[in-house]
Amino acid sequence: MSFVVKLSTVEDTQDFGRRLAGLLRAGDLVLLTGPLGAGKTALTQGIGAGLGVLGDITSPTFVIARVHRPDPGRGGRVALVHADAYRLGDATDPRAEIDDLDLDASVDDSVTVVEWGEGLVEQLVDAHLRVRIDRRDDDTRVVELDPVGGDWARRLADLG
């Protein structure tokens, strides 16, 4: 069972990320896929705002991963690890490079969001949420959330 939503603007994408953050907890892995400019980082910005983390959420393409600690003053409750595997796709063994990021060391204590991580990081947890974002010619985003294992399907029903 997947959940599909259409979002008209970048701000709508961020707002949806805030709503999604309300369902997230430590140990969750969210995989974001979609073409360049689809809104993966905008969705993550909303997730970060919803989780109440410190720091600006920007694309981690060149640093590969960023850790955003919770800000208790903003109601922060869990850290956000934001990673981008886009540049790892050209590596001879991108899984080895993912291992070098040491995401498994923080996955239990954080919400981990990985852009372009499909096929590379699923082994970190038993269940995860796969999010596909497509941007149409009119800049509308179509977001499809696909639960993989665990209680994701039940949690997504709460987004209704």
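Predicted model: local features only at pLDDT ≥ 70, side-chain atom pairs only at ≥ 80, totals over all residues.
Tutor: Residues are numbered from 1 along each chain as its sequence is written, and side-chain values use heavy atoms, with hydrogens and water left out.

Student: What makes Phe 3 and Phe 16 a stacked pair?

Tutor: Rings of Phe, Tyr and Trp (its six-membered ring) pair if their centres lie within 6.5 Å; planes under 30 degrees apart count as stacked, over 60 as edge-to-face and the rest as tilted. The structure holds 1 aromatic pair. Its rings, Phe 3 and Phe 16, have centres 6.5 Å apart and planes at 10°, so the pair is stacked. The pair also links distant parts of the chain, 13 residues apart: Phe 3 belongs to strand β1 (residues 3-7) and Phe 16 to helix α1 (residues 10-21).

Student: How are helices and strands picked out?

Tutor: They're DSSP runs, numbered from the N terminus: helices are H or I with at least four residues, strands are E with at least two. This protein chain has 4 helices and 7 strands, in the order β-α-β-α-β-β-α-β-β-β-α from the N terminus.

Student: Why is Thr 44 called buried?

Tutor: Buried means under 20% relative accessible area, exposed over 50%, and partly exposed in between (1.4 Å probe, protein chains only). Thr 44 has 0% relative accessibility, so it counts as buried.

Student: And why does Thr 41 count as buried?

Tutor: Its relative accessibility is 18%, so Thr 41 counts as buried too. Thr 41 lies in helix α2 (residues 40-51), and Thr 44 is in helix α2 as well.

Student: What does Thr 44 touch?

Tutor: Contact means heavy atoms within 4.5 Å. Not counting residues up to four places away in sequence, Thr 44 touches Leu 32, Ile 57, Leu 80, His 82, Val 113 and Glu 115. With its neighbours within four places left aside, Thr 41 contacts Ile 57, Thr 58, Ser 59, His 82 and Glu 115.

Student: How much of the protein chain is buried?

Tutor: Buried residues are 49% of its 160 residues.
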